[in-house]
Amino acid sequence: MPVIKRLFKFYINSSIHVAIAVVCLTGLTFLEFNVNINKDLLFFTFFATITGYNFVKYYGMAKFYHRSLSKWLKEIQLFSFFSFIAMLYSAFSLSMKALLIILGLALLTFLYTIPFFPKNYIDKNTKNLRAISGLKIYIIAMVWAITVVLFPLVEANYTIDNDVVITLIQRFLFVIIIMLPFEIRDMKSDSLKLLTIPQQIGIKRTKQIGIFLLIIVFMLECFKDELVLNSVYTLGVVCLITLLFLIRSNINQGKYYSAFWVESIPVFWVLMHLILF
């Protein structure tokens, strides 16, 4: 059991689970738009997500404590390095226009993490995009949405039409919604300067906003030019499950309530789509 627990902890902390969630949403895009699944792109997306997330999560820790890193963090560093190599290898199979999108997202991730603002440009505590109050959730949602919708369709030379734009908006809102349980969980540890949504308006109103956004996500499906009933049913069930997780989220939620169960929703989504179609 200790070995299983250690492996599971590594699975979560090394961002493998979130990478699987991103790959599932990317695969969902291929399925919904009837585009041949590009395995090389999914491979790239998986390792790019691990590389990007671990860079954001552990950059500061590795920078300031590089001489006394714990064993688990060294393991994650090594895993992230090999993931980075795998990402570079798979990048050779992608088109230049798709890589330009990824380059833009990589730059945004870099600016999100690395201090680049001149001293006292905004205020003395604002050194990168991550430190700008209230911006975090929207940057992450935008990166996810572009990665799982625009990136695969551009690579597939799919015309960016009305349905693509709607799907892009849906994914953007969906990611914001599934991040709300994380922000509720982190209220007791986040700096008040971050001005997360729960910090600004409280837990109850945060959940109300999440419910409102879920309704928008579902209603947007009706504005697509190609309305597929099975897709509507699938989205409806996913919205209902997401709603339940959102309502039940609280500051004292279980350790893996958000990090595993909430982030498993995209996995369930793509599995349900495969079953119904």
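**Entry 1**

I looked up Glu-75 to start with, and at 26% relative accessibility Glu-75 counts as partly exposed. The scale I used calls a residue buried under 20% relative accessible area, exposed over 50% and partly exposed in between, with a 1.4 Å probe and protein chains only. The model is predicted, so I kept to its limits: local features need pLDDT of at least 70, side-chain atom pairs count only at pLDDT 80 or more, and totals for chains, interfaces and linings use all residues. Residues are numbered from 1 along each chain as its sequence is written, and side-chain values use heavy atoms, with hydrogens and water left out.

Which residue forms a salt bridge with Glu-75? I found Arg-6 there, with the closest N and O atoms 2.6 Å apart. A salt bridge here is a side-chain nitrogen of Lys or Arg within 4 Å of a carboxyl oxygen of Asp or Glu. The pair links distant parts of the chain, 69 residues apart: Glu-75 belongs to helix α4 (residues 71-91) and Arg-6 to helix α1 (residues 2-13). Helices (H or I, at least four residues) and strands (E, at least two) are DSSP runs, numbered from the N terminus. I noted Arg-6 as partly exposed too, at 47% relative accessibility.

**Entry 1: the other salt bridges**

By this rule I count four salt bridges. One of them joins the side chains of Glu-32 and Arg-171, at 2.8 Å from N to O. This pair also links distant parts of the chain, with Glu-32 in helix α2 (residues 16-32) and Arg-171 in helix α7 (residues 162-185), 139 residues apart. Is Arg-171 buried or exposed? I have Arg-171 down as buried, because its relative accessibility is 2%. Glu-32 is partly exposed at 22%.

I also looked up Arg-185 and Asp-186, whose side chains meet in a salt bridge at 2.9 Å, N to O. Arg-185 comes out as partly exposed at 23% relative accessibility, while Asp-186 counts as buried at 16%.

**Entry 2: aromatic rings**

How many aromatic pairs does a search of the whole structure find? I get 13 aromatic pairs. Rings of Phe, Tyr and Trp (its six-membered ring) pair if their centres lie within 6.5 Å; planes under 30 degrees apart count as stacked, over 60 as edge-to-face and the rest as tilted. I took down Phe-44 and Phe-151, a tilted pair with 5.9 Å centre to centre and 55° between the planes. The pair links distant parts of the chain: Phe-44 sits in helix α3 (residues 39-64), Phe-151 sits in helix α6 (residues 136-155), and they are 107 residues apart. I recorded Phe-44 as buried at 3% relative accessibility and Phe-151 as buried at 0%.

I also noted one aromatic cluster formed by Phe-8, Tyr-11, Tyr-256, Phe-260 and Trp-261.

I looked up Thr-26, which lies in helix α2. Thr-26 is buried, with a relative accessible area of 0%. For contacts (heavy atoms within 4.5 Å), I left aside neighbours within four places in sequence. Thr-26 is then in contact with Leu-41, Leu-42, Thr-45, Thr-147, Val-148 and Pro-152.

Met-272 has its place in helix α11 (residues 265-276) and counts as buried at 15% relative accessibility. Which residues does Met-272 touch, not counting those up to four places away in sequence? I list Tyr-233, Thr-234 and Val-237.

**Entry 3: positive phi**

Most residues other than glycine have a negative phi. I looked for exceptions and noted Ser-15, whose phi is positive, near 70°. Ser-15 lies in the loop between α1 and α2 and is buried at 1% relative accessibility. Asn-157 also has a positive phi, about 60°, although it is not a glycine. I place Asn-157 in the loop between α6 and α7, and at 55% relative accessibility Asn-157 counts as exposed.

**Entry 4: cysteines**

How many disulfides does a search of the whole structure find? I get zero, a disulfide being a pair of cysteine sulfur atoms within 2.5 Å. I looked up Cys-24, which counts as buried at 12% relative accessibility, and Cys-239, which counts as buried at 9%.
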